[in-house]
Amino acid sequence: MELLKVFIIQVLFASLPVLLVPSFESFVRTRANRLLARHGGDSVGIAFTCASSVSLLMCWFLDAGSTRIDGHLALLPTGMGILYGVPKGVFPLVGLYALVGSLFAESRELPYVWIEAAALLLLALSRSRMLRMQTWRRRVVLTCWLLVAYFPHAVFHIQESVAEGNAWAAVPRVVIELLGGLAAGLLLLYSRRDAQDRHLLNEQAGAMRERVIEEETKLQAFMRTLPGFALTVDRLGRVTGVNDRAFGAISSRVPTATRDMVAGKSFAELMNSIGMQADPVFLQALDMSIRENRTAERTMEFGGRKFSIYLSPAHTDQGEVFGAVCSIYDVTEVERMRAELEDMNRLNLIGQMAAGVTHEVRNPMAVVRGYLQILQKKTPDEYDHYYKIVLEELDRAGGIIDDFLALARTKQQMTEKRRLRSVVEDLWPLLQADANLRGQTIRLEEGADGEEISMHPGEIKQLVLNLARNGLEAMDDKGELVIAIEELEDRLRLRVKDNGPGIPEETLERIKQPFFTTKKTGTGLGLVLCSGIAERHGGSLSIESTVGEGTEVRIDFAKKSESKDSKAAVEV
């Protein structure tokens, strides 16, 4: 039992670096940056050198106060420190062993201490060669070195026992010390490998952490550049991040909101926190994207606007889904432009049709009308009303053909500069006559003449005439039509306002579409023509109407300073 206690104590103190290296390595890696830089970042080597020094001091210090502890056991941790510590600590360890051993050893042990120091010096000189050996060969050489280095001290114990008259009494002690040294050596080798593995794992974890941070930074930077609203969610559907635009939309409703408050909430909870409801379409698409590991695209309407949603699952390096990235884009304007493009394509088709069939239809109609007029003169008067109806229908058909021709005109440079008011005044007698025939009133508001703009006077007259007649036809016989010309800071505005019944909202949305009309005899091309004339003159047409109060049509023309670089071309 006594020998077992001695064995355990010997192993414990000889293998002190096993306990000390992890703590020292962590301290050096996190707190001693200057020391780490001085030794090339080898935190394990620094820790092994320091732990070996402490073990050396403890063994010799306890040797002075206990017969159970042999200071010569410091030979093993010192050798390990020389072999696996930092290169700059090799010879200082040899010197430390010689110095401390000389201070604490008995005088008769000093020769053995110096022999052991010489063995350590030999190990230090052959350090580079041993580290290049294969692992199993290095362990064999190290074991042989330990036996050879400890042999003089074993001889000392035997001589000591012989002097006491019992030569065999030293054998158990020598065996125990050798076994303790070998066990401590195995522990030290394991400690070195364990510390090295831990160091490599820390480096790999650090590199992985930096890579994750870098990828997250890239993802956040990418999200910030997205023109729409973007957010990331985890596998449970909880928000993990939002881009600046999405956070701006949230903070506009909840000024006290922070990104930390947003993170961790489900999308439904996030919408509820800002006083809104999550769209079931979005929630279903999000669940499908994560659960079925596929992208999803949905369209939803929210607050009177239209949004496109794109959901894509996010994967780990192993291909596992850990969440999803969601992008939401406001496509209201895109849809509006798509509808306008469809209208333009429709108009283009109309123009092509008009250009192709006008001459084929108009000429026969002129012949038919001429012969009808000849026949009318030779027919009794009681049949005149029949001829009148036929001629009116032919004239109406001719009017439709004229509208087609207006849509198919070719471009001509606008070289005439005139004021809008002068064009309206040219038309004024005709407009007054038209209003008087209907029992209505028409008024031209006083105002500035405005600056001259490049125009095609014939088209502007057609524009004013069409809008005025639309207003007159919309009112009863007590109605009043007001035409006004206003000069604003950056544009000239032509207003045509009636006090008729107004236009319902559902009709107002479609009123500028080709062939849409509420008149019994209309073609649905009048406002289309007016919009085209306004656009060719660098302007825009807008309509405001209130049911029961009336309708106002506005044409805004850009001033010369705003449009002098634009192309001045119209259709003729």
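How many salt bridges does the count come to by the distance rule? The count comes to 24 salt bridges, where a salt bridge is a side-chain nitrogen of Lys or Arg within 4 Å of a carboxyl oxygen of Asp or Glu.

1. Basis of the note. The model is predicted: local features require pLDDT of at least 70 and side-chain atom pairs pLDDT 80 or more, while totals for chains, interfaces and linings use all residues. Residues are numbered from 1 along each chain as its sequence is written, and side-chain values use heavy atoms, leaving out hydrogens and water.

2. The sheet. Five strands, in the order β2-β1-β5-β4-β3, form an open sheet with antiparallel pairing. Its edge strands, β2 (239–242) and β3 (296–302), each pair on one side only. From one strand to the next the twist averages 25°. Strands (E, at least two residues) and helices (H or I, at least four) are DSSP runs numbered from the N terminus; two strands pair if DSSP finds at least two bridges between them.

3. Strands β4 and β5. Strand β4 (residues 305–315) runs antiparallel to strand β5 (residues 321–330), and 9 bridges join them. Histidine 315 stands opposite valine 321 in β5.

4. Helix on the sheet. Helix α11 (residues 244–253) packs on the sheet and touches β1 (229–234) and β2, contact meaning heavy atoms within 4.5 Å. The direction of α11 makes about 95° with that of β1; axes are lines fitted to C-alpha atoms, for helices over the stretch in contact, and angles run from 0 to 180 degrees between N-to-C directions.

5. A salt bridge within a helix. Arginine 438 and aspartate 434 meet through their side chains at 3.2 Å, N to O. Both lie in helix α17 (residues 420–438), and because they are 4 residues apart, about one helical turn separates them. Arginine 438 is partly exposed at 32% relative accessibility, whereas aspartate 434 is buried at 13%. Buried means under 20% relative accessible area, exposed over 50% and partly exposed in between (1.4 Å probe, protein chains only).

6. A salt bridge between strands. The side chains of arginine 493 and aspartate 556 form a salt bridge at 2.8 Å, N to O. Arginine 493 belongs to strand β11 (residues 491–498) and aspartate 556 to strand β13 (residues 550–558), so the pair ties together parts 63 residues apart in sequence. Arginine 493 and aspartate 556 are both buried.

7. A network. Salt bridges link Arg443, Glu445, Glu480, Glu486, Arg495, Glu544, Glu552 and Arg554 in a network. Between glutamate 486 and arginine 495, the closest N and O atoms are 2.8 Å apart. Glutamate 486 is partly exposed, at 26% relative accessible area; arginine 495 is buried, at 13%.
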